[in-house]
Amino acid sequence: MSDIFNMVIRFAMLLIFIRFMLQFAGIDRRNPYAMPAYKATQVVDLFGRIFPTIAQGRVSLAAIVLMFLLRLISISGNAALGGQGVSPIELFFFATTTLALDFLSMCRYLIMGSIIISWIVVFTQKMHPILGIIMQLAEPILAPFRRITPNLGMLDLSPIVAFFVIYLAEIVIRTVGSNMIPMLG
């Protein structure tokens, strides 16, 4: 039962993360390849009435709040299924820590996807629009690193630097989290 519960929560979190990144990358909701993700996550629009977007409409606080609520439901549900209790403070910090780790993990997978797609495009000389969307989703993550890495022509070092920074951030979050929350360690 807990496996099905966790799978549903992970799928919902992935959908909302994709929605967050679509908005963050500035991909129009009328794009025919992005439209299904926007339609599947209309709940974000409902929450958007309460939690506004910031950064010229690119950062959806509603999506972040929804991912946090899903993480709270996941932790509480797993504790209940395991016959355990979780204090509200522990629940809050555990949810915050695991959400940050999940978010960084999804960003890492998005970067890996964009790397693989760039190789496919180089070898096939073709780009399907859905591949372009995935590349666009990774761009807001890679853009800050492109500004600090040297331009080596065809060789882009920004994904390597991004992976390194994400890895360091995960280590810091895990270390701080495991010192604050025994469940994380």
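Before the details, a word on conventions: the model is predicted, so local features are taken only where pLDDT is at least 70 and side-chain atom pairs only at pLDDT 80 or more, while totals for chains, interfaces and linings use all residues. Residues are numbered from 1 along each chain as its sequence is written, and side-chain values use heavy atoms, with hydrogens and water left out.

Let me start with the charged pairs. The structure holds seven salt bridges, a salt bridge being a side-chain nitrogen of Lys or Arg within 4 Å of a carboxyl oxygen of Asp or Glu. One of them joins Arg29 to Asp45, with the closest N and O atoms 3.3 Å apart. Arg29 sits in the loop between helix 1 and helix 2 (35-40), whereas Asp45 belongs to helix 3 (residues 42-48), so this pair ties together parts that are 16 residues apart in sequence. Arg29 is partly exposed at 40% relative accessibility, and Asp45 is partly exposed at 29%; the classes here are buried for under 20% relative accessible area, exposed for over 50%, and partly exposed in between, with a 1.4 Å probe and protein chains only. These two residues also belong to a network of salt bridges that links Arg19, Arg29 and Asp45.

A further salt bridge brings together the side chains of Glu170 and Arg108, at 2.6 Å from N to O. Because Glu170 lies in helix 7 (residues 158-180) and Arg108 in helix 5 (residues 88-124), the pair ties together parts that are 62 residues apart in sequence. Glu170 is buried, its relative accessible area being 7%.

Then there is Asp156, which forms a salt bridge with Arg146, the closest N and O atoms being 2.8 Å apart. Asp156 is in the loop between helix 6 (129-148) and helix 7, and Arg146 is in helix 6, so the parts tied together are 10 residues apart in sequence. Asp156 is partly exposed at 31%, and Arg146 is partly exposed at 32%.

The patch consists of Ile89, Phe92, Phe93, Val172, Val176 and Met180, with about 570 Å² of accessible area together. Ile89, which is found in helix 5, is exposed, with a relative accessible area of 58%.

What does Asn6 touch, leaving aside residues up to four places away in sequence? Asn6, in helix 1 (residues 2-24), touches Ser74 and Asn78, where contact means heavy atoms within 4.5 Å. At 15% relative accessibility, Asn6 counts as buried.

Finally, the backbone. Ala55 is not a glycine, yet it has a positive phi of about 60°, and Gln56, also not a glycine, has a positive phi of about 55°. Ala55 is placed in the loop between strand 1 (53-54) and strand 2 (59-60), and Gln56 lies in the loop between strand 1 and strand 2 as well. Ala55 is partly exposed at 41% relative accessibility, whereas Gln56 is exposed at 80%.

Technical notes
Helices (H or I, at least four residues) and strands (E, at least two) are DSSP runs, numbered from the N terminus. Patches are made of residues with over 30% relative accessible area and no salt bridge: like charges are joined within 9 Å, nonpolar side chains (Val, Leu, Ile, Met, Phe, Trp, Tyr) within 5 Å. Accessible areas come from the Shrake-Rupley method with a 1.4 Å probe; for residues, only the protein chains shown count as cover.
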